[in-house]
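Welcome! Have a look at the model below, and then we can walk through it together.

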Amino acid sequence: MELLPQTRLGMYTFQLPSGECLSTNSHLEETPFFDIDVPNKYLSYASLHAFQICFLFKRIFKLRVAEPPEEIEQLFDQFSENGTMSVDNLLKFMIYYQKEETAKKEDAQEIFNSLRHLNIFQRKGLHFDAFFRYLYGDHNLPIPNKVHHDMDFPLAHYFLYTGHNSYLTGNQLSSDSSSKPIIKALRRGVRVIELDLWPNSEKNDVEVCHGGTLTAPVDLNKCLHAIRDHAFDASEYPVVITFEDHLPPNLQDKVAKMVAKTFGTMLYRPESENLEEFPSPNSLKRKILISTKPPKEYLQTQDSKGKGNAQMLKTSSKKEVAQTERLYSRTGSDTIDEGQVDEGELIEEEDEENAVPEYRNLIAIHATKLKDGLAKVLGSDQSKAKRLSMSEQQLENAIYIHGSEIVRFTQRNLLRIYPKGTRILSTNYDPHVGWGHGAQMVAFNMQGTGKYLWIMQGMFRANGGCGYVKKPEFLLKNGLQSDVFDPNEPWHVQTHLKVKIYQGEGWHLDFGRTAFDQCSPPDFFIKLGIAGVPADTYRREKSRVVVDQWAPVWNEEFTFPLAVPELAVLRIEVFDYDQAKTNDFAGQTCLPVSELKSGIRAVPLHDEKGDQYRHTRLLMRFQFD
C-alpha cells in the first residue's frame, strides 16, 4: 500500500493492492490516517492510537499532550527569576496565589524533593515543566488531607460516616452477606457499621443477615473479627457498631461474651447509663462503641420475669414470605403517626431493663422510645443523651411540623436516618435532608452507586477523610425557635464560588483504547453542580465537548452563588459524548465546598464506585468572592 499525500490538510489517499485509490477527508482536530497493514517502523506506539474501521481499515490518531495554559505560563514568569523558580519563589506562589497562608519553607522544600526523580528537575530550582508537574501532582490537591477540625466536642456535634446493612454484598433482597463489604467500608473511612443479628437454624448460634429476605447469612464472629482487624485502617477515630438484634436472652449472653472477647480493651464501656452528653471523638480514639436494643420478639413479660424464660418468635415460611412482601411492597407506611415505631429501631426504656445484664452493659449509645409520638420524644427530658432512628420518608414527613425541634434534638442527641424498605437495589436518598436538620448518622447503602453515594463520599473527604465532620455552628445554635436553622428557607447568598476548568489528563492510562469509542478517541465534556440546601441546588453547568482528544483542554469558567457553603458539595462528572446513545461515564468526584483550597489545583477523579483512578485528573482553579 502506498500513502499519497494531498495538498489539503487532513486528506490522505491510500492506494490499495488492487490499484484502487481511497481518499479520506477529516474534519477532526487530530490528524487521522487510514491504513492497511502499515509496517511497524512507520508507527510510534507511544504517540499513536489505532482504531479499526469497517473491519478493513485502521484509523490512526496522534496521542497529543495538552499544552500548559497560557495563564499558568504567565504565573510562572511572575513568580520565577530568569526562568527558574527557587524554594523561596515557590513559597511566595503558595502564599500569595494559592492562599496557603500557613505554608512554610519546609512545605515548599518537600515539593522540591518530590520532583527530584523527574528528568525535568533542575538542582537550582524548578523550570516551567517541573512547576507544571507540581500543579498536577499529589502535593497540590484541592482539599486538606489531614484532620483539622476540633475533635474535642461531644459526638453529637459531628456528622458520622454511616453505613446501612453493612454486611450485604449487593441488593437488599437476595444478595450474599459477607465480612468483605464491612472491610471495604472501614477502609473508606466509614465509622458506623450496622449488623442484623438472628438465631441460626438450630437456634444455638448467631448469624448476620437481612431478616425476612432471601439474603444468605454470614457468621457474626467473622464480622466482629473483620471490624477488629480493620476498624482503624483509615482513621483512628471511634467506630460505632449498631446491632439490630432479634435474639433470645441466651444468645444475647453469647453475643456479649463474643464481643468482649473479640474487642477486649478496644471496647468502650460507659461508667453510667445516664450520660448527659456523649464523649468526644478525641477521647474515644481507637475505641469500639456498641449501640443496640433488646428485640421486641423476645421480651420477657411481667409474668415470666424472674423465671429467665424467653418467648421465642415462631415464624413459618408463609409468614416469612408475607413479611417480605409487607417490607418491600408497602408505599405509604413510612409516615409517622402517634405511637408508631419504626422497623424495630425505636424501643421502650423498660424493655431495655429486660435484657441480659452482660448484654445491656455493652451498650454505649442507648436508643429511645417513640411510643407516645415524635413530638413527645423531641420535647422530653434532655438530661440523658440518646439515639433516635427514622426512615428517610419519616424524616421528610416530620420536618414539615417538627423541623426546628429535630435540629434542637440533634444538638445533644444522635439522630440516625436509614433508607426506606423499598430500596431493594441498594439505592440511596438525598443526604442533605438529614444533614440540614442536624442528623449525625445518615445511613447509606455502600453497596450501590449513583450521585447520592458520590455526594456522601464527597462530604466525608472533609477533615482528612477521618469519618467525622464537625457540624456547622448554625446547627448547634440553641436559641429561640426563629433562630433555629431551617434549610428550606430562602437564604441570602453568602459567597460566589468561581470554578475554572483548564484541562485533564490520564484517561489513556486508566481506560482501554476503545473504552469510549471503537472508531476514535473520546469526546469529553464536564457537568458541574452543587449539592446542598435547596437554595444552592437550582442549576447545573456543562462545558463544551472537546472532540477526539485523550488530553482535553477546556479553559472554561463557571460561577456558583452559595447561600449555605458550609453544607455544599461540588459535583464534577466527566462524560464521553455520544450522539447515538447514552453518554459514557469517564470519571467523577465530589468535593466539600467548605474545604476547597483557593488557587490552581489537581483534582483526581473516581470511578462509579468511588475508587480513585490512578492517573486521571483535572487541572482546575477555585476562587471565592
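## The chain as a whole

Please keep in mind that this is a predicted model. The protein chain contains 15 helices and 27 strands. It has 625 residues, and 55% of them count as buried. Taking contacts between residues at least 6 apart in sequence, 70% join residues at least 24 apart.

## Helix α1 and its buried face

Helix α1 spans residues 70-79, and its buried residues are Ile72, Leu75, Phe76 and Phe79. Viewed down the axis of α1, these buried residues fall within an arc of 100 degrees, so they line one face of the helix.

What do the buried residues of α1 pack against? Their partners are the helices α2 (87-97) and α4 (128-135), together with the strands β8 (125-126), β26 (599-606) and β27 (612-624).

## Where α6 meets α7

Next comes a helix pair. The axes of α6 (residues 220-230) and α7 (residues 249-263) come within 10 Å and cross at roughly 30 degrees. With angles under 35 degrees counting as roughly parallel, that makes α6 roughly parallel to α7. The crossing of α6 past α7 is right-handed.

From α6, the residues Leu220, Asn221, Leu224, His225, Ile227 and Arg228 meet Val255, Met258, Val259, Thr262 and Phe263 of α7. The residues of this contact comprise seven nonpolar, three polar and one charged.

Note on methods:
Residues are numbered from 1 along each chain as its sequence is written. This is a predicted model: local features need pLDDT of at least 70, side-chain atom pairs count only at pLDDT 80 or more; totals for chains, interfaces and linings use all residues. Side-chain values use heavy atoms; hydrogens and water are left out. Axes are lines fitted to C-alpha atoms, for helices over the stretch in contact, and angles run from 0 to 180 degrees between N-to-C directions. Helices (H or I, at least four residues) and strands (E, at least two) are DSSP runs, numbered from the N terminus. Angles under 35 degrees count as roughly parallel, over 145 as roughly antiparallel, 65 to 115 as roughly perpendicular and the rest as oblique. A crossing is left-handed if the near helix is turned anticlockwise from the far one by less than a right angle, and right-handed if clockwise. Contact means heavy atoms within 4.5 Å. Ala, Val, Leu, Ile, Met, Phe, Trp, Tyr, Cys and Pro count as nonpolar, Asp, Glu, Lys and Arg as charged, and the others, Gly among them, as polar. Buried means under 20% relative accessible area, exposed over 50%, partly exposed in between (1.4 Å probe, protein chains only). The arc is that of the directions from the helix axis to the C-beta atoms.
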